[in-house]
Amino acid sequence: MKRRTRTVALTATTVAIALGATACGGGSSSDAGGSSPTKGGTLTILNNADYDHLDPQRVYTTQGSSMDEEFVRTLTGWDESGTAPKLVGDLATDTGTPSKGDTVWTFHLRHGVKWQDGTEVSAQDVKYGVERTFSPDINGGPPYASQWLVGGADYKGPYQGKELASIQTPDKYTITFQLNQPVADFNETTAMPGWSAVPKAHDTGATYDTHVWSDGPYMIKSYTKNKELVLVKNTNWSQSNDPIRQQNVNEIDVKFGQEQAAIDQQIKSDAGVAQTAIMQDPIAGSDLTTIANDPSLKSRYYKIPAPGINYLAINNTRVKDIKVRQAIEDAIDKSTVRGAFGGSAYGNYATTMLSPGIGGYQKFNLYSASPAGDLTKAKALMKAAGNPKPTMSLAVENSTTQTHFADAVKTSLGKIGVTVNITPIDPANYFSTIDNVKNQYDLVWGDWIADWPNASTVLPVLFDGRQIKKLPQSNQDLSYLNDPAVNAQIDKAAKMTDIKQRNTAYGALDEQIMKDAAVVPLMYMNFSELSGSKVGGVISDPILAEPSLVHVYVKH
Amino acid sequence: MLRYLIRRLLAAAVILLVITVITFFIFYALPSDPALLACGKTCSPSRLTEIKHSLGLDQSFMTQFWEFFKGLFVGRDFGDQSVAIHCSAPCLGVSFQTDTPVLTTLLDDFPADLSLGLGAAVFFLVLGVGLGTVAAVRRGKAADKAAVGLALVGVSVQIYFVGLLLLFLFVDKWQLLPAAGYTPFTDDPAGWLQGLILPWATLVFVYLALYTRLTRSSMLEVFAEDYMRTARAKGLPVGRIVLKHGLRAAITPIITIFGMDVGSLIGGSAVITESVFGINGIGKLAVDSVQNSDLPVILGTTLFAATFVVLANVVVDLVYGLVDPRVRLA
């Protein structure tokens, strides 16, 4: 998910990152538990860049999705006030009812949920909202609606007056989705912003970003792209029918465009308006170590584990010998690799493609027990492969962080006789280059954040080899693994309706992929943010890897 | 004079047209695909085709250029009929990224650049020429060394460093100024001024060096002229010799550079300063648009900046005629 802004933000800022940081534990939800929220005041958000979109059907970044929670209600949502996120009905009364083997999903809407003009949110509004996803003008959002809804492939959105028959609204409070395949975790998909209502009368098409009509606790007062967004209270919102959000502050002011280092410095100083300010873009790499290690900042430093993975993909069609791939797994020194990305504050060493916190995660390690690698084993594997002494090309983003990373890989692999040629690619074009199946790289850096905390948005996306043909320009299978056993297991897991059984299947799939030595998982990523001392009620949201503001308040 | 002006303005229009064509060409030579960027993560070929069509990128180069050119005079409509975005003439297109008409964004950002660029320019011109003159008059003395030394420091440090340092001291540590950001003059004149003090200081510090050194060397050259000796021999007061006879002759090359600097500053070249101080100006817009392959905005910002540089050059030539009696415009 949403790695575009994340990636851009990270590569732009991890430039001067210090090595070997040791972070103190995350000060997660520092004020959420103890003190009761104060009402009133203004929360300021200082962001380096504007959101990709706020239009719920177009947003696909963690920042945008997190902000949308303030004024867009989705069919289901995550209640994160407890120890672990819990899926609850948001617009819907519950988390939905599947039937016909998970191919039909029905949601009943709460009565009395109001738009900002006082009219009631209806099932027809939700249908219209989801239908918008299909219009080419409403681009940028996740692909799930068009992939799964029956007839989605040929539907072009509601603007030419056509409706999508597979979304049915028998009455004002009931909505049914007919899917072309079983999707057992469809109700987790519907927690994404796109599965929300849009009133046809207030839809402004491609410019809806700045005119989003609210059914949440806040509404847009003014929004100038790349400059400022001002949210004020939506007086028609009611706490009684919203299980997720609160309405504490009077106003939320988001300011865009300042250098991340200047934002870090300002919030760290905790002077004036910075006391009631927070950021949504991660702390600049050059500031991460200092901030992570400053005990005086601990209560307002949020180290949020992302449901994501930073990895090195090995092109299986180019590096065909599995022994060579296994040798690479053992040879990579993950400690120098992590140093390039910012040290321990950046994340823990990974041995699996699923990160802890994702449904289906199972702890296992098929390769070197030490993160520094096992050269003896790696050399033995290369010997067994006939000491081929291959030359491999490695694609990375053209940034200081990533060139340091590439150097670390080059040094590691040099020790087992692999010559690595580094190709740095312009960050703005990095993913469009490596996602294109025409690319000729042997090794490729990649990262991935799950769309919802389930293996179904990680493993099938990254390892279903059938997409190589289907999506030639946006292939996410960077390792070009096209293992019939893996593909079959993907299909099998997708059809399972029992969550436990399904998670076990995904765990086994993760292990199968690691047995294929298709990719080298490097780190489970963290994202770190900072707030002023008078900001309370911030929840570390491990699903979006953002500081969630649904309970935020400012102390007076 | 009028004929000269008309001729220059016509030439300027031709230059802008050439720049438009070149920018269009460069964009097409780039490997990036804005439709693919807009499409998102898993983009099927059919969806990509639809978005290409919706953005007008499926048309030929000539058609796209013609549509753009026509839009300048008659305006255009973008998107599906029921929710189309209207872009009225002179239409520079609609951003792929923000779906806002480019001209609206440019005009919105312009006051910030104008305030930043013009304000800083006034200070660095006055201070730079002043320091340079003092340095020239007191050549080899302590004042000269101090002025030249200060200038050297200014030209050596990075805007990024000076800006963050000033922010840290004046905003975060001593809290003498409010948090960085641009407030429109019409909203709050005091806030406007407070927000611009540090960005101005940063730019002045960096640009000052050039003007001090330029003025100093130009003045020294003029001091060596025969008419200066004559003026001194006549017994004119020193102030009059330096300012009226010396500076007036020495200022011509400075005006040339100043014109270009002001033109490009207003046109958005102070991008690092904008970024450090959170001023959302045209420079930042231009950099972002290149990163996002946002052709309409790339074109718009390029044209906008070019317009100011070209106009500044025309103004410089006119000012020559006023300042230097040796120049006659015809």
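1. Chain B of this predicted model contains 13 helices and two strands. Its C-alpha atoms occupy a box of roughly 85 × 55 × 35 Å along the principal axes. The chain has 330 residues, of which 42% are buried. Of the contacts within chain B between residues at least 6 apart in sequence, 66% link residues that are at least 24 apart.

2. The contact between the two chains draws 43 residues from chain B and 41 residues from chain A. On the chain B side, at least two residues each come from helix H2 (34-39), helix H3 (45-55), helix H7 (159-173), helix H11 (271-276) and helix H12 (282-291). H3(B) provides the largest share, with six residues.

3. Just after H9(B) comes B:Gly235, whose phi is positive, at about 90 degrees. B:Leu236 belongs to the loop between helix H9 (226-234) and helix H10 (238-269) of chain B.

4. A cis peptide bond is present in chain B between B:Ala89 and B:Pro90, with omega at about -5 degrees. B:Pro90 is located in the loop that connects strand E2 (85-87) to helix H5 (102-137) of chain B.

5. In chain A, five strands make up an open sheet with mixed pairing, in the order E8-E9-E10-E1-E11. Which strands stand at the edges of this sheet? Strand E8 (218-224) and strand E11 (277-278) of chain A do; each has a single partner strand, so one side of each lacks a neighbour in the sheet. Within the sheet, strand E9 (residues 228-233) and strand E10 (residues 251-256) of chain A run antiparallel and are joined by five bridges. A:Glu228, for instance, has A:Lys255 in E10(A) as its bridge partner.

6. Helix H3 (residues 123-132) of chain A has nine of its ten residues buried, so the rest of the structure largely encloses this helix. The buried residues of H3(A) are A:Ala123, A:Asp125, A:Val126, A:Lys127, A:Tyr128, A:Gly129, A:Val130, A:Glu131 and A:Arg132. They pack against helix H4 (144-148), strand E6 (167-171) and strand E7 (174-178) of chain A.

7. Two further helices of chain A, helix H9 (residues 334-341) and helix H11 (residues 400-414), pack with their axes 8 Å apart and at an angle of about 170 degrees. H9(A) is therefore roughly antiparallel to H11(A), the cut-off for that class being an angle over 145 degrees. From H9(A), the residues A:Thr336, A:Val337, A:Ala340 and A:Phe341 meet A:Thr401, A:His404, A:Phe405, A:Ala408 and A:Val409 of H11(A). This contact involves six nonpolar residues, three polar residues and no charged ones.

8. Positive phi values also occur in chain A at residues other than glycine. For A:Ala517, phi is about 50 degrees. This residue sits in the loop between helix H16 (499-515) and strand E17 (519-530) of chain A. Is A:Ala517 buried or exposed? A:Ala517 counts as buried because 25 C-beta neighbours fall inside 10 Å, against a threshold of 20 or more.

9. A:Ala545 likewise has a positive phi, near 55 degrees, and is not a glycine. A:Ala545 is placed in the loop between strand E19 (539-541) and strand E20 (546-548) of chain A. With 26 other C-beta atoms within 10 Å, A:Ala545 is buried.

Key
Residues are numbered from 1 along each chain as its sequence is written. Chains are lettered from A and ligands numbered from 1 in the order in which they are written. This is a predicted model: local features need pLDDT of at least 70, side-chain atom pairs count only at pLDDT 80 or more; totals for chains, interfaces and linings use all residues. Helices (H or I, at least four residues) and strands (E, at least two) are DSSP runs, numbered from the N terminus. Two strands pair if DSSP finds at least two bridges between them. Two residues are in contact if their C-beta atoms, placed from the backbone, lie within 7 Å. Axes are lines fitted to C-alpha atoms, for helices over the stretch in contact, and angles run from 0 to 180 degrees between N-to-C directions. Angles under 35 degrees count as roughly parallel, over 145 as roughly antiparallel, 65 to 115 as roughly perpendicular and the rest as oblique. Ala, Val, Leu, Ile, Met, Phe, Trp, Tyr, Cys and Pro count as nonpolar, Asp, Glu, Lys and Arg as charged, and the others, Gly among them, as polar. A residue is buried if 20 or more other C-beta atoms lie within 10 Å of its own, exposed if 12 or fewer, and partly exposed in between; C-beta atoms are placed from the backbone.
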